[in-house]
Amino acid sequence: MADFLSGYSIQYWLESCPQGYLEETEYGHKAGVSESDLILGDDLLREQAIKVTTQMVVGERCALAASSGLINAAPDEAAKRFLATQTLDEARHVEIFTQRLYDLGVGKNDLESTLREHANPNLVKFAEALLEKVEAKDFIPGVVGQNIILEGMAFSVFEMLYAGNQKLNPKFAQTLAGTIADERRHVGFGENYIGALIKEQPEKRPEIEKLQKEMSYYMLATFADQFRDNDARAELETMKKRAVEAGGEESQGTWQGANLAELDPEEMEALLASTVLGEFKTRLGRIGLEYQTPAQP
Amino acid sequence: MSDPAEVHALDPESFEERVHSFQFWFEAVQGYLVDREYGHRPELPEPELTESERDRLVTVLCNYCVGETAALDGASGLIAVAPNRLTKIFLSTQVVDEGRHLEVFRHRLLALGVEHPEDEIERRASPRLREFRRKLEALVAERDWDAAIFAQNVILEAMEFSTFQMHAGYADPITREVLIGIIKDERRHIGFGENELGRRLKHHPTLRERLQRVRQELDPLVLATLEEALGELQVPRAEREDLGRSYLAAVERLGVRG
Amino acid sequence: MSAEIAKLPTEPARRKYELFDDTGFDEVPKKYRKFYRRWGGEGDPLAPNEVLCPVCKIVIRSNRELRPGDRVYCMACMARLRVAEGPDGALVGLVEY
């Protein structure tokens, strides 16, 4: 265990992250790059960007609470050290996405009220299910919930957002690229480290599988709210039209083989949900857990 | 962050927003950790130590690991209790600092030929330091922000700061470089603790009495641990008196009597 | 100018200092390094634009001469200080919480 974990040391983290892909960045992007004029000059697009970024701050706050809370419960010193780097990664994500809200015009005194107003209730329930395990110092379910379910979801969502913003909003895309690089380490740790622990404690499986099912449901419900709700759907259609007008058909990029500009909201939701759930299934299978199909919201 | 013509012209709120950020931490540690491997320049040669020098150093490093693990568990546990975003983000930077300290000390033990550092730490850890760790863990578990920050960022950090400074003066070149890097991190931690408590004491003066009780309980444990470490390091008795000075100055500024 | 303002005592002009990042202090981000230097201990005198941080013993530098009442920040330990005159007439930094 300790040998494998040497690849997740703080030394490695320092060389790859602060001294690697984050070098010469400010709040996750190149200095002097600003939010796209298309978003800042269009109230609807700006409002939508605030709503999306709010979900990211909520998710990252949950990840910060979970990774820091799990350090105390970690069974060995090497896992504690990895979780220390993850804690700082998550705090950085909270900081850069909070900064994005400020860049989008949210006043510093309005931050908490903006988060309360826009936070998706299903995403909050998703976070609560995980934090309940963390509070109970239940290490294995905590790490699966955090590093496989939460991080796995974030990984795919951020990749899709990255594809959609690469041309239209390079500043946001750069911020996402650094975050995705961090998430890769986190999901890697979740899989590699937990697999061995589950083998040692197979009695934990039912509890973890129940948590996966519950969290997956709230995740799907969050996606449904974002894509299927009538108001949200209409907004998405309008936004996409404006983005295509500004940047052309190719402006929204390609993700999972699909041109995002050509997908309607239902298709986008289905693509995102099937990608994330497919990833869960594969990852859980690798660590010896049986994927549980969640109820459909 | 734009380049300020005069940093002291910032208003206090902007200053705090800057210094408690990941961005600040990130740019600060770049200065002294770049080109270091496990806290020192990789080209530094391993010193020739006598068996008894090596043995004493191993004991001291094992106890540093206990202190750093206590700080890692403490700082991470406090993130959930921290009252606001800036405090949470600052504590996250402290968590990774503490994790790094644990890692570099452990790596030093390996370089000194200790094959199983965890077993060695278990064997050589001071009972008083373990007791301190248990008490700190209890304060964190009770979500007692003020007492836990006092125990961790004022008492433990100030003591570590002084011990590492004194040890650096006597240490072999590799251990010295490792310690100097850690001291630079500790400056942020003790400053954060003192400022956070100073602000809270200003608004809640009754808190002072409670912190005095915490101090009375923890002081003997920390002072005895220090004495043990300095004995192992063979620091002349006359010089040991200086050690508690920075800690005593900090508690005096906060008005927390022993 | 009103008579009221005309009566106010005028503060002698402060000396200006050009600061350079040349002291090897590496504990804060590059852009702030010129505002700090390491203290050499008791025999290291402080210039009129410098004051010692009592929390972490780093010398804080300003690009102007410091006077009692000025506010300065120590970025090495994140302390906010108010400059005051010490018992021996030298400037000292008092922590403000």
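Colleague: Which residues touch the most other members of the largest nonpolar core?

Modeller: This is a predicted model, and in its largest nonpolar core, which has 170 residues, the ones that touch the most other members are A151(B), C53(C), C74(C) and M75(C).

Colleague: What makes A151(B) a residue that touches others, if residues up to four places away in sequence are not counted?

Modeller: Even with those left out, A151(B) touches L136(B), L139(B), L156(B), V214(B) and L218(B). As a general point, nonpolar side chains in soluble globular proteins tend to be buried together.

Colleague: How do you know which pair of chains has the most contacts?

Modeller: Two pairs of chains touch, and the pair with the most contacts is chains A and B. Here 31 residues of chain B are in contact with 27 residues of chain A. On chain B, two or more residues each come from α2 (22-33), α3 (51-79) and α4 (85-111), and α4(B) gives the largest share, 12 residues. By class, this side of chain B divides into 14 nonpolar, nine polar and eight charged residues.

Colleague: And what makes up the side of chain B that touches chain C?

Modeller: In that pair, 26 residues of chain B are in contact with 24 residues of chain C. The helices α1 (12-19), α2, α8 (173-203) and α11 (245-254) of chain B each supply at least two residues, with the largest share, 11 residues, coming from α8(B). The classes on this side of chain B are 11 nonpolar, five polar and 10 charged.

Colleague: Why are chain A and chain C not listed as being in contact?

Modeller: A contact requires C-beta atoms within 7 Å, and no pair of residues from chain A and chain C is joined by one. The closest C-alpha atoms of the two chains lie 12 Å apart.

Colleague: Why is chain A called as compact as a globular protein of its length?

Modeller: Chain A holds 12 helices and four strands. Its radius of gyration is 19 Å, and the globule rule gives 19 Å for 297 residues, so chain A is as compact as a globular protein of that length. Along its principal axes the C-alpha trace of chain A spans about 55 × 45 × 40 Å, and buried residues make up 45% of its 297 residues. Among the contacts in chain A with a separation of 6 or more, 79% are between residues 24 or more positions apart.

Colleague: What makes β1 and β2 of chain C edge strands?

Modeller: They belong to an open sheet of three strands in the order β1-β3-β2 (chain C), with antiparallel pairing, and β1 (36-38) and β2 (50-52) each pair on one side only, as edge strands do. Neighbouring strands of this sheet are turned by 30 degrees against each other on average, direction ignored.

Colleague: What makes β5(C) a partner of both β4(C) and β6(C)?

Modeller: Four antiparallel bridges join β4 (residues 71-74) to β5 (residues 79-85) of chain C, and six join β5(C) to β6 (residues 91-96) of chain C, also antiparallel; with at least two bridges as the criterion, both count as pairs. C74(C) has A79(C) as its bridge partner in β5(C), and A84(C) has V92(C) in β6(C). In the hairpin of β4(C) and β5(C), with four residues between the strands, M78(C) takes a positive phi near 70 degrees, and in the hairpin of β5(C) and β6(C), with five residues between them, G89(C) has a positive phi of about 90 degrees.

Terms used. Residues are numbered from 1 along each chain as its sequence is written. Chains are lettered from A and ligands numbered from 1 in the order in which they are written. This is a predicted model: local features need pLDDT of at least 70, side-chain atom pairs count only at pLDDT 80 or more; totals for chains, interfaces and linings use all residues. Ala, Val, Leu, Ile, Met, Phe, Trp, Tyr, Cys and Pro count as nonpolar, Asp, Glu, Lys and Arg as charged, and the others, Gly among them, as polar. A nonpolar core is a set of buried Ala, Val, Leu, Ile, Met, Phe, Trp, Tyr and Cys residues joined through C-beta atoms within 7 Å. A residue is buried if 20 or more other C-beta atoms lie within 10 Å of its own, exposed if 12 or fewer, and partly exposed in between; C-beta atoms are placed from the backbone. Axes are lines fitted to C-alpha atoms, for helices over the stretch in contact, and angles run from 0 to 180 degrees between N-to-C directions. The radius of gyration is taken over C-alpha atoms; the globule rule is 2.2 Å times the number of residues to the power 0.38.
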